[in-house]
Amino acid sequence: MADGRERQAEIGPIVSSAHLADGALPALSELEFGLILAGNAFDRWMVRCMTAAGEPGCAPIDVLVLHSVAHRQRPKRLGDLCSVLGVEDTHLVIYAIKKLEKRGLVKSTRAGKEKLIAATEKGVEICLKYRAVREALLVESVKGLGLDAAAASAVAATLRALSGHYDQAARAAASF
């Protein structure tokens, strides 16, 4: 009986769209399928972790915005939030901020013409509860995989670099 690698070689790479894997770099299609699965799982995780932390009904973008606003406990500009999160449509972030303001998790202030967004005390508290749930439910199980911290950081760096290639390709496609 063939082992797992031999069977995968017979079947081909695990992808969501075989027609895309027929190109010059099938491994990229395999990576993209992994990104799809990981992205959707991460979105589900953020929403459910936030619910467990005491804030049900948040969308993934709400969770991302809250954590970004709470980062280093300094007020953030809308443009900076969009840039850091890689969100092109500022309306998505504006809507998330409004929802978070209604929940009392962030507050907006003005510095001249600029609008600044900061986490409230309640917002920081929820971020800390989220962290506690994350440590208990996710970090402990991931540690059991025996991932090397340096290897995980290298994967993260690769993903950030790939995001630049996808952004450049998206710009090129927009003028194609």
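What span should the 27 residues of helix H3 have at 1.5 Å a residue, and how far apart are its end C-alpha atoms?

## Helix H3

The model is predicted. Helix H3 covers residues 26–52. Its 27 residues should span 39 Å at 1.5 Å a residue. The end C-alpha atoms are 39 Å apart, which agrees with that expectation.

Five residues of H3 are named as buried: Ser29, Trp45, Met46, Cys49 and Met50. The cover over the buried residues of H3 includes helix H2 (18–21), helix H4 (60–70) and helix H7 (121–143). Just after H3 comes Gly54, with a positive phi of about 110 degrees.

## Chain layout

The chain holds 8 helices and 3 strands. Along the sequence, the pattern reads α-α-α-α-β-α-α-β-β-α-α. The radius of gyration is 20 Å, well over the 16 Å that the globule rule gives for 176 residues, so the chain is more spread out than a compact globule.

Taken along the principal axes, the C-alpha atoms fill a box of roughly 65 × 45 × 30 Å. Contacts between residues at least 6 apart in sequence were also sorted by separation: 48% of them join residues at least 24 apart.

## Surface and charge

Of the 176 residues, 22% count as buried. The accessible surface of the chain comes to about 12,100 Å². Carbon and sulfur atoms hold 60% of that surface.

The chain carries 23 positive and 20 negative charges.

## Met50

Met50 sits in helix H3. Is this residue buried or exposed? Its relative accessibility is 1%, so Met50 counts as buried; the cut-off for buried is under 20%.

Which residues does Met50 touch, leaving aside its neighbours within four places in sequence? Its contacts are Glu55, Pro56, Cys58, Val63, Leu66, His67, Ile126 and Tyr130. Ile94 lies 44 residues from Met50 along the chain, and the two C-alpha atoms are separated by 20 Å.

## Ser68

Ser68 belongs to helix H4, and H4 is among the helices that cover the buried residues of H3. At 14% relative accessibility, Ser68 counts as buried. Beyond its neighbours within four places in sequence, Ser68 is in contact with Lys76, Leu81 and Leu85.

Technical notes
Residues numbered from 1 in each chain as written. Predicted model: local features only at pLDDT ≥ 70, side-chain atom pairs only at ≥ 80, totals over all residues. Heavy atoms only, no water. Helix = DSSP H or I, 4+ residues; strand = E, 2+ residues; numbered from the N terminus. Expected span 1.5 Å × (residues − 1). Buried < 20%, exposed > 50% of the residue type's maximum accessible area, 1.4 Å probe, protein only. Contact = heavy atoms within 4.5 Å. Rg over C-alpha atoms; globule rule 2.2 N^0.38 Å. Areas by Shrake-Rupley, 256 points an atom, 1.4 Å probe, with all protein chains shown as cover. Lys, Arg positive; Asp, Glu negative; His and termini not counted. Charge placed at Lys NZ, Arg CZ, Asp CG, Glu CD.
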